[in-house]
Amino acid sequence: MTQYVIRGGRPLHGEINISGAKNAALAILPATLLVDGVCRIENVPDVTDVTLMLEILKDIGATVSPAGGGAILIDSRGVRADSVAPYEQVRRMRASYYLIGAFLGRFLNAQVAMPGGCNLGVRPVDQHIKGFEMLGADVHVNAGFIHANAREGRLVGSPIYLDVASVGATINIILAAVMADGLTVIENAAREPHVVDLANFLNSTGADIKGAGTDIIKIRGRKLLTGGAYTIIPDQIEAGTYMAAVAAAGGEVTLNNVIPKHLECITAKLTEIGVEVKEYDESVLVRRTRRLRKTNIKTLPYPGFPTDMQPQMAACLSFAEGTSMITESVADNRFRYMDELKRMGARIQVDGKLAVVEGIGKLSGAPVQACDLRAGAALIVAALGAEGVTEVGGVYHVERGYEDVSGKLRGVGADIRVEEVDDSEMAGQTG
Ligand code: EPU
């Protein structure tokens, strides 16, 4: 198993190029199933979740060829209506549920293994299912697979009100509705940049989607979508994570290939705690020269503060002066990494959806384990600002969503080594 060994306390200086957005890629790649032609997708991040999505597409019959410089050519015309997305791959990634919307949209029929093995009707996919049903599909689970079939041999546009502004449900409904008959209106739609990116991609192929980026999205079904080239937006959360790294470690770093507007919710909080952020057209300069101040954070759907940045900010706030409160109002169970931060000396109390972080100015290196992607990112941020050496295990989680994180950090002066350790050693460290 791989771990990162980080000697903290070195300010970061230089430039980092931000990769394409993982969560946009995970929507746009399966969306190519709807397209009758070759799609050239550019700025595809080289992260393991994306690799897995590309493997799934190949397995179901798409032709996938790297075209150099982060571009991928995808031709999904060879995918058959009865292709089944394999359980072994689908279960490893939640975003594989976008295959349901894409298959249903193209073939009026989908069979996809339940991502993560959830039961039908449980909260995390109820809004997806509701959307498919409103478009005229029957949806049921059998032998671990979700089966969705257009009831009368066609999908018909419909108004769909989401009970929660779910990113996944909004994207899945767009995928299913984009070739349906008539008009679909999603109300209380998610407004995240990757929802807009998916809509822009589909519109570039001939779809008619209006309002993405607002909470009402209107999709008028089109019968034929044709190929072309599309560039994925930069990754908001990857950029935010490196901004947090500068906040924790100090120094001055320019992040290139970003959309500063997408970062505003993160920039605003970092500015509040004493980090300087200068925005340029496609880059931001982040500088920390003084001790951080406390703040309060509440995660919210976009344009609120993203839940995917909550752990990295908690790591920063441990270095601040004063006590900060973090309210997690989007995701369940997203404070699990706190115990690992405590191993580094952080003083944090968690009560349900609220975490109270006492800023103690410094953390000390320790062996820690990432339990998910953003938890791993938070531990790296903490390690960069901590005194001494931190061994971050479970970094395969991090590599699901961050391209070459160790190389990018080394490029700005971080002391970070990638090490292979045997699993029994890791188990010993974490008890
Ligand atoms: N929810 C429901 N019912 C549903 C769907 C969602 O109740 O049918 C609830 C969830 O339980 C959660 C809330 O709605 O409490 C928001 O979930 P959402 O559907 O918006 O999240 P998601 O689509 O599963 C995406 C990102 C996550 C990110 C969330 C929130 C992708 C592939 N994943 O997940 O990204 O945290 O939106 O912004 O786009 C990550 O990148 O680390 C990550 C976890």
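The questions below concern this predicted model.

Q: Why are H6 and H7 called roughly parallel?
A: Helix H6 (residues 167-177) and helix H7 (residues 193-204) pack at an angle of about 10°. Angles under 35 degrees count as roughly parallel. H6 is therefore roughly parallel to H7. Their axes lie 10 Å apart.

Q: Which residues in H6 meet which residues in H7?
A: From H6 come Val167, Thr170, Ile171, Ile174 and Leu175. From H7 come His194, Val195, Leu198 and Leu202. Contact here means heavy atoms within 4.5 Å.

Q: How many residues of each class does the contact of H6 with H7 have?
A: The contact has 7 nonpolar residues, 2 polar residues and no charged ones. Val, Leu and Ile count as nonpolar, so Val167 and Leu198 are among the nonpolar residues in this contact.

Q: What are the domains of the chain?
A: Domain 1 takes in 2-19 + 234-430, and domain 2 takes in 22-231. The bounds come from an automatic or database domain assignment. The centres of the two domains, taken over C-alpha atoms, are 31 Å apart.

Q: How many residues of domain 1 and domain 2 are in contact?
A: 18 residues of domain 1 touch 14 residues of domain 2.

Q: What area do domain 1 and domain 2 bury between them?
A: About 1200 Å², with 45% of it on carbon and sulfur atoms. On the domain 1 side, Tyr302, Arg400 and Glu403 supply 44% of the area buried against domain 2, more than any other three residues.

Q: What makes the pair of Asp49 and Arg400 a salt bridge?
A: Their closest N and O atoms are 2.9 Å apart. The cut-off is 4 Å, so the pair qualifies. Between domain 1 and domain 2 the count is 1 salt bridge. The whole structure has 27.

Q: Why do Arg291 and Glu321 count as a salt bridge?
A: Their N to O distance is 3.5 Å. That is within 4 Å, so the label holds. This pair links distant parts of the chain, 30 residues apart. Arg291 is in the loop between strand S16 (283-288) and strand S17 (296-298), while Glu321 is in strand S18 (residues 321-327).

Q: Which peptide bond is cis, with omega near 10°?
A: The bond from Tyr302 to Pro303. Pro303 sits in the loop between S17 and helix H10 (310-318).

Q: What is phi of Leu108?
A: Phi is near 65°, a positive value in a residue other than glycine. Leu108 lies in the loop between helix H4 (98-107) and strand S6 (109-113).

Note on methods:
Residues are numbered from 1 along each chain as its sequence is written. This is a predicted model: local features need pLDDT of at least 70, side-chain atom pairs count only at pLDDT 80 or more; totals for chains, interfaces and linings use all residues. Side-chain values use heavy atoms; hydrogens and water are left out. Axes are lines fitted to C-alpha atoms, for helices over the stretch in contact, and angles run from 0 to 180 degrees between N-to-C directions. Helices (H or I, at least four residues) and strands (E, at least two) are DSSP runs, numbered from the N terminus. Angles under 35 degrees count as roughly parallel, over 145 as roughly antiparallel, 65 to 115 as roughly perpendicular and the rest as oblique. Buried area is the accessible area (1.4 Å probe) that two parts lose on being put together, summed over both. A salt bridge is a side-chain nitrogen of Lys or Arg within 4 Å of a carboxyl oxygen of Asp or Glu.
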